[in-house]
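User: Hi! Could you walk me through this one? I'd like to talk about charged pairs, and then the core.

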Amino acid sequence: MVRVLDLDASKRFYELLGLKEIRRYDNDKGRFTLVFMAPEGQPECPVELTHNWDGDAALPSDSRHFGHLAYEVDDIYATCAHLMANGVTINRPPRDGHMAFVRSPDNVSVEILQKGEAKPPEEPWASMGNTGHW
């Protein structure tokens, strides 16, 4: 479960990672919405986005205590280029062709992993420095 401040912004972020909304639960009495998003063809692997309607003063906090989410992708370079083209900062670029880190709009650290063997180092990733922390 990941608490989110702006449900629409967070949904767009996870959609960029290839996740789709698979179900939603609105609780009028508790004043919250749960949105479950999962990779295509993997409904058994959802991440739950919890949105409190009245806001959450603690968000967006550093959230490093949460740990991180991790997703394997077919092409780490194409995925990172797609994320950057959509305004996502690559905090730890895939210099090694294997691993990168980004953050969600709610500061949740998300690890992107190359499926299978690492790709050979490639520019601009190989010489790109870190931005922020992950």
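Predicted model: local features only at pLDDT ≥ 70, side-chain atom pairs only at ≥ 80, totals over all residues.

User: Buried or exposed, what are Lys 11 and Glu 15?

Analyst: Lys 11 is buried, because its relative accessible area is 15% and the cut-off for buried is under 20%. Glu 15 has 37% relative accessibility, so it counts as partly exposed.

User: Which residues are linked with them in a network of salt bridges?

Analyst: The network links Lys 11, Glu 15, Glu 21 and Arg 24. Within it, Glu 21 and Arg 24 form a salt bridge whose closest N and O atoms are 3.0 Å apart. Glu 21 is partly exposed at 29%, and Arg 24 is partly exposed at 40%.

User: How many salt bridges are there in the whole structure?

Analyst: A search of the whole structure gives 7. One of them joins Asp 56 to Arg 3, with the closest N and O atoms 2.4 Å apart. That pair links distant parts of the chain: Arg 3 belongs to strand E1, while Asp 56 is in the loop between E4 and E5, 53 residues away.

User: And what's the accessibility of Asp 56 and Arg 3?

Analyst: Asp 56 is at 16% relative accessibility, so it counts as buried. Arg 3 is at 33%, which means partly exposed.

User: Switching topic: how many residues are in the largest nonpolar core, and which have the most contacts inside it?

Analyst: That core has 27 residues, and those with the most contacts inside it are Val 2, Tyr 14, Leu 17, Leu 49, Leu 69 and Val 110. Among the elements supplying at least two residues each are helices H1 (7–16) and H2 (76–85), along with strands E1 (2–4) and E8 (109–114).

User: What does Val 110 touch?

Analyst: Leaving out residues up to four places away in sequence, Val 110 touches Phe 13, Leu 17, Leu 69, Tyr 71, Ala 100, Phe 101 and Val 102.

Note on methods
Residues numbered from 1 in each chain as written. Heavy atoms only, no water. Core = buried A, V, L, I, M, F, W, Y, C linked by side-chain atoms within 4.5 Å. Buried < 20%, exposed > 50% of the residue type's maximum accessible area, 1.4 Å probe, protein only. Helix = DSSP H or I, 4+ residues; strand = E, 2+ residues; numbered from the N terminus. Contact = heavy atoms within 4.5 Å. Salt bridge = Lys/Arg side-chain N within 4 Å of Asp/Glu carboxyl O.
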